[in-house]
Amino acid sequence: MKLNMAEEEDYMSDSFINVQEDIRPGLPMLRQIREARRKEEKQQEANLKNRQKSLKEEEQERRDIGLKNALGCENKGFALLQKMGYKSGQALGKSGGGIVEPIPLNIKTGKSGIGHEASLKRKAEEKLESYRKKIHMKNQAEEEAAEQFRMRLKNKQDEMKLEGDLRRSQRACQQLDAQKNIQVPREAWYWLRLEEETEEDEEEKEQDEDEYKSEDLSVLEKLQILTSYLREEHLYCIWCGTAYEDKEDLSSNCPGPTSADHD
């Protein structure tokens with residue numbers, strides 16, 4: 001009994017404790033990964049060998065082989081064509097103006113009804129056309145808005161220019177009338193209004209304006225009337241900035257009675 005126990009190895013002895021193991025970091029994990037990859041590759045190769053083709057794939061292969069091969073004499077339809085004088089590679093028709101190759105076979109794999117793809121294509125085209133129209137209308141509206149803005153800006157600038165010319169004409173008329181000792185303007189709006197006026201002067205001016213109804217005249221009309229008065233009465237042109245000696249001198253040296261004539 002004692003001999004048997006002595007023969008058995010003690011698990012606490014140095015023979016078990018001081019065993020030198022391969023403890024290099026990452027080595028066991030690398031081995032496991034390599035083994036797993038080998039098993040996976042072997043499994044994939046086995047699956048490819050044992051893989052059975054589906055019914056659709058077999059039909060597709062048979063169809064492709066049949067379409068690649070030309071019809072032979074064993075085909076009844078081709079045999080009938082040959083009896084009527086047809087030769088391989090010849091165009092169909094009495095005059096030989098028909099097709100040479102057979103009509104291509106288009107296999108419909110989807111579950112949609114006949115004409116569904118054409119309907120989808122038509123709807124896509126209609127949608128694209130509608131989008132193009134919207135973009136065109138948007139661009140056109142933006143262009144019209146920009147053009148209207150430019151017109152408003154131009155009209156405003158033209159209006160400001162007319163008002164400036166009218167003030168210059170009123171100032172010149174007031175000065176030239178004063179040189180001729182004219183105390184009262186021919187019309188109230190011929191002169192610039194004074195900033196400080198008495199109430200009586202304001203009432204008189206309002207009465208004069210009511211009689212003439214100058215508010216009914218536009219700035220352009222006032223400018224035309226006043227510049228004509230300056231040219232006839234004082235031989236003066238506001239755009240030339242010159243008082244001429246006589247009417248002949250005015251007509252000879254002044255380009256014209258409007259601002260456009262002086263551009």
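So, in what order do the elements of the chain run from the N terminus on? They go α-α-α-α-α-α-α-α-β-β-α, which makes nine helices and two strands. Those are DSSP runs, numbered from the N terminus: H or I of at least four residues for helices, E of at least two for strands.

Before I go on: this is a predicted model, where local features need pLDDT of at least 70, side-chain atom pairs count only at pLDDT 80 or more, and totals for chains, interfaces and linings use all residues. Residues are numbered from 1 along each chain as its sequence is written, and side-chain values use heavy atoms, with hydrogens and water left out.

Okay, burial. Of the chain's 263 residues, 15% are buried, meaning under 20% relative accessible area with a 1.4 Å probe, protein chains only.

Now look at helix 8, residues 219–233. Buried residues here include L223, L226, Y229 and L230. The buried set packs against helix 6 (116–179), strand 1 (236–237) and helix 9 (247–253). Just past the helix, L235 has a positive phi of about 55°.

What is L230 in contact with, leaving aside neighbours within four places in sequence? S169, A172, C173, L176, L235, Y236 and I238, with contact being heavy atoms within 4.5 Å.

Note on methods: The expected span of a helix is 1.5 Å times one less than its number of residues. Buried means under 20% relative accessible area, exposed over 50%, partly exposed in between (1.4 Å probe, protein chains only).
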